[in-house]
Amino acid sequence: MEEEAEKLKELQNEVEKQMNMSPPPGSAGPVIMSTEEKLEADARSIYVDSVNYGATAEELEAHFHGCGSVNRVTILCDKLSGHPKGFAYIEFSDKESVRTSLALDESLFRGRQIKVIRKRTNRPGISTTDRGFPRARYRARTTNYNSSRSRFCSGFNSRPQGPVYRGWARATSWYSPY
């Protein structure tokens, strides 16, 4: 019994030493890359659209293995649900692999026709959604039915009596949604 307890303690000490020396895989922390490294990695990467939602990174790597050595396959997932979004990024070890992988554009992968293009590089400060004006246009609405101005200027009672129909379909008697 005592020997087994000593062996167990030794194993626990070894595991603790290994954990302190190297971080666990997947949680190594963010890797900070310089701008040149990001540009170079983007030049070796492709964007794959219309990926089957059940596809795995290993299957994508096997599909693009003939193009060259694959460094990384990233399948993006929704933050809230965790389900795949339907597209992926594949990083190769050299730029020549990107050119050969573009030949797989419109090929079939798990029964779906995929689209393969070069990965674009995001430039800070430049947004494709920035249109130069605010998206929401605010209008002042006068909903104060009890104001003195609305009573005298409108010429009729602006507050409707009875049920309010908010659309043409509800006001007609012949409308049926089915």
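**Salt bridges and a buried glycine in a predicted model**

E40 is partly exposed, with 36% relative accessible area. In this predicted model, E40 pairs with R44 in a salt bridge, and the closest N and O atoms lie 2.8 Å apart. R44 counts as buried because its relative accessibility is 11%, under the 20% cut-off. R44 also meets E91 in a salt bridge, at 3.1 Å from N to O. This second pair links distant parts of the chain. E91 sits in strand β3, residues 84-92, while R44 lies in the loop between α2 and β1. The two are 47 residues apart. E91 is buried, at 10% relative accessible area. Shared partners join E40, R44, R72 and E91 into one network.

A further salt bridge connects D42 and K119, with 3.0 Å between the closest N and O atoms. D42 belongs to helix α2, and K119 to the loop between β6 and α5, 77 residues away. D42 is buried at 14% relative accessibility. K119 is partly exposed at 23%. The count of salt bridges comes to six.

The protein chain holds six helices and six strands. Their order from the N terminus is α-α-β-α-β-β-α-β-β-β-α-α. Of the 178 residues, 16% are buried. Among contacts with a separation of 6 or more, 59% join residues 24 or more positions apart.

G68 occupies the loop between α3 and β2. G68 counts as buried, at 17% relative accessibility. Beyond its neighbours within four places in sequence, G68 contacts F92 and S97. The C-alpha atoms of G68 and D94 are 7.8 Å apart, across 26 residues of chain.

Conventions:
Residues are numbered from 1 along each chain as its sequence is written. This is a predicted model: local features need pLDDT of at least 70, side-chain atom pairs count only at pLDDT 80 or more; totals for chains, interfaces and linings use all residues. Side-chain values use heavy atoms; hydrogens and water are left out. Helices (H or I, at least four residues) and strands (E, at least two) are DSSP runs, numbered from the N terminus. Buried means under 20% relative accessible area, exposed over 50%, partly exposed in between (1.4 Å probe, protein chains only). Contact means heavy atoms within 4.5 Å. A salt bridge is a side-chain nitrogen of Lys or Arg within 4 Å of a carboxyl oxygen of Asp or Glu.
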